[in-house]
Structure formats: C-alpha cells, structure tokens
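Hi everyone, thanks for coming.

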Amino acid sequence: MKVDGSVAVVTGAGSGIGRSIAVALASAGAKVVAADIDADSAAETAEMTGGVATTVDAASAEGIAILLDTARRAFGPVDIYVANAGITGQPGLGDDEAAWDRIIDVNLRAHIRAAKAVVPEWLERGSGYFVAVASAAGLLTQLGAAPYSVTKHAAVGFAEWLSITYGDRGIGVSCVCPMGVDTPLLRGMSDSTDEAIRVAGAAVTSAGAVIGPDDVAALVVQAISDQTFLVLPHPEVLTMYRQKGADYERWIAGMRRYQRTLG
C-alpha cells in the first residue's frame, strides 16, 4: 500500500494515538479524514493534517456510513481505514451490562462494522488497508479490567481473521499492540478515584516504558508501507507473548504474582 496519495480515515483521531496517526499519515502524503465524537478535537486534528473532520459514533454502522461518505465527497474512495477509537470500560467483571455492550461496540464491533463497510469495495478494487489499533492486552491480558482485556483479545483475533481471509486478495491488515502510551486514556486510568482502575493503570505503566503516541504512529505508517501485520511499539511484548505460549501455567502464575505486587 502506497501511503502517498491515499485517502485515509482515522477514528478516535481527536487525541492520543489517533491524532498522531492522522498527522503521520498526512505527513506521508495521505488525505486524512479525522473522526472523533468530540467535534472540537476532531477539528483541531483536521487543521493539523490539512484534512477534514467529522463527528460520528464510529462504533455504529450509521456513523461509519457517514464517515465513509464524508471521505468520498471530500477526497474519493477510502484506501486506508484506521480503527483506533477505544475505551477502557469498567474495572473488574464489569457489573453494568450496558457498559459491557458499549465497550464491545467500541473496541470490537466498530472494527467488524467498518470492515463490512469497506472490504467489499476493496475486493472490487483489489486493494485496501485496515489498521486495527488493539493493545498488548490483546496478546497478554489487562489486570483489573475484564471488559478491556476481553475486547482487545477479540480485536486481535478479528484482525488475524481479516488478514488470513483477504490477504491474498489485495487487502492488507496491521494490528497494533502497544503497552503504555502517554495518552488521555492512560492518564485517566492512573488518575482515577477507583482503586481497581488505578491498579489497571499501574499494571501498564510498571510493565515497561511509557512511550509517546508519535512513536506508535511512525511504526503504523511504516507497517502500512511494508504490509506488516503485528506492530509492537514495545518489542518486549513479543518476548512476553512467547513465554506465555511456551508455558501457559507458569505465565498465569506469574501474572498472579505480578497482580499481588500491585494490590
């Protein structure tokens, strides 16, 4: 996939990783549509990229349709779709069923619904690129927050399926799995008044270096150009993932010990 001259959509582009990816894609020559539920933040990103902004719920089929139509009217057919929008959800088992539904919608179904909207067109054209911004939690786990861990695992699984199913038909897929990134989402966890959420944040910040969103964005643009599936801004995640697969029982026991140290 050639980034220069492409039309790219980025969800959750109002701040953090999404904004940095939008800026990086624009710097590489893409025409960018910045989507966010916060209109002012989306507009700020659009001004930074020279693109356009749209305020939609990128977790809904209706919102995605509006987003893609905005892109087509402004620049033409979408070449790159970055499913970045995400939320942390509730701690623990997540007592609120509506909150479970919402995090499944935002962290998983948004990817599924977007793919259902863009893949048929990409198959006709013989090209297209889907970027799923997941988390190292999707390969490992997230202490203290079942909804986040479960939905990020599912997002990784869906990205794998997309790549396997359509990779021979011109559609590229990258799955981005960072640990700690200096974003409003992580800062909100660390500053939360809820102890369980603070523990979840501490599990992230103490596991490795907290990097900047620009570092993640640079790797995403490179991954699109190289058609790299797994994007690991924290390379040590690969070692952890291999240790998990090599001895699952030992890994579970080690995570329990790690949880106790944070308790």
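For instance, D215 sits in helix α8, which covers residues 213–226.

Before we go on, a word on where this comes from. It's a predicted model, so keep in mind that local features need pLDDT of at least 70 and side-chain atom pairs count only at pLDDT 80 or more, while totals for chains, interfaces and linings use all residues. Residues are numbered from 1 along each chain as its sequence is written, and side-chain values use heavy atoms, with hydrogens and water left out.

Okay, the sheet. Two strands pair if DSSP finds at least two bridges between them. With that rule we get an open sheet of seven strands, in the order β3-β2-β1-β4-β5-β6-β7, and the pairing is parallel. Which strands are at the edges? Those are β3 (52–54) and β7 (230–231), and each of them pairs on one side only.

Let's zoom in on a few pairs. Strand β1 (residues 7–11) is joined to β2 by five bridges, and the two run parallel. If you want to find one of the contacts, T11 has A35 in β2 as its bridge partner. Next, β4 and strand β5 (residues 128–133) pair in the parallel sense over four bridges. There, I80 stands opposite Y129 in β5. And β5 goes on to pair with β6, again parallel, over six bridges. In that pair, A132 has C175 of β6 as its bridge partner.

Now, how covered are these strands? Here "buried" means under 20% relative accessible area, "exposed" means over 50%, and "partly exposed" is in between (1.4 Å probe, protein chains only). Strand β2 (residues 31–35) is mostly covered, with four of its five residues buried. What about β6 (residues 171–176)? Six of its six residues are buried, so β6 is largely enclosed by the rest of the structure. You can see both faces of β6 if you turn the model: I171, V173 and C175 point one way, G172, S174 and V176 point the other way, and all are buried.

On to salt bridges. By that I mean a side-chain nitrogen of Lys or Arg within 4 Å of a carboxyl oxygen of Asp or Glu. How many are there in the whole structure? A search finds eight.

Here's one: the side chains of E44 and R19 meet at 3.1 Å, N to O. E44 lies in helix α2 (residues 39–49) and R19 in helix α1 (residues 16–27), so this pair ties together parts that are 25 residues apart in sequence. E44 is partly exposed at 43% relative accessibility, whereas R19 is buried at 18%.

Another one is R72 with E121, at 3.3 Å, N to O. R72 is in helix α3 (residues 61–74) and E121 is in helix α4, so the pair ties together parts that are 49 residues apart in sequence. Both count as partly exposed: R72 has 37% relative accessibility and E121 has 21%.

Then there's D79 with R125, at 2.4 Å, N to O. This pair links distant parts of the chain, 46 residues apart: D79 is in the loop between α3 and β4, and R125 is in helix α4. Is D79 buried or exposed? It counts as buried, at 15% relative accessibility, while R125 is partly exposed at 33%.

Let me finish with D215, the residue I began with. At 45% relative accessibility, D215 counts as partly exposed.
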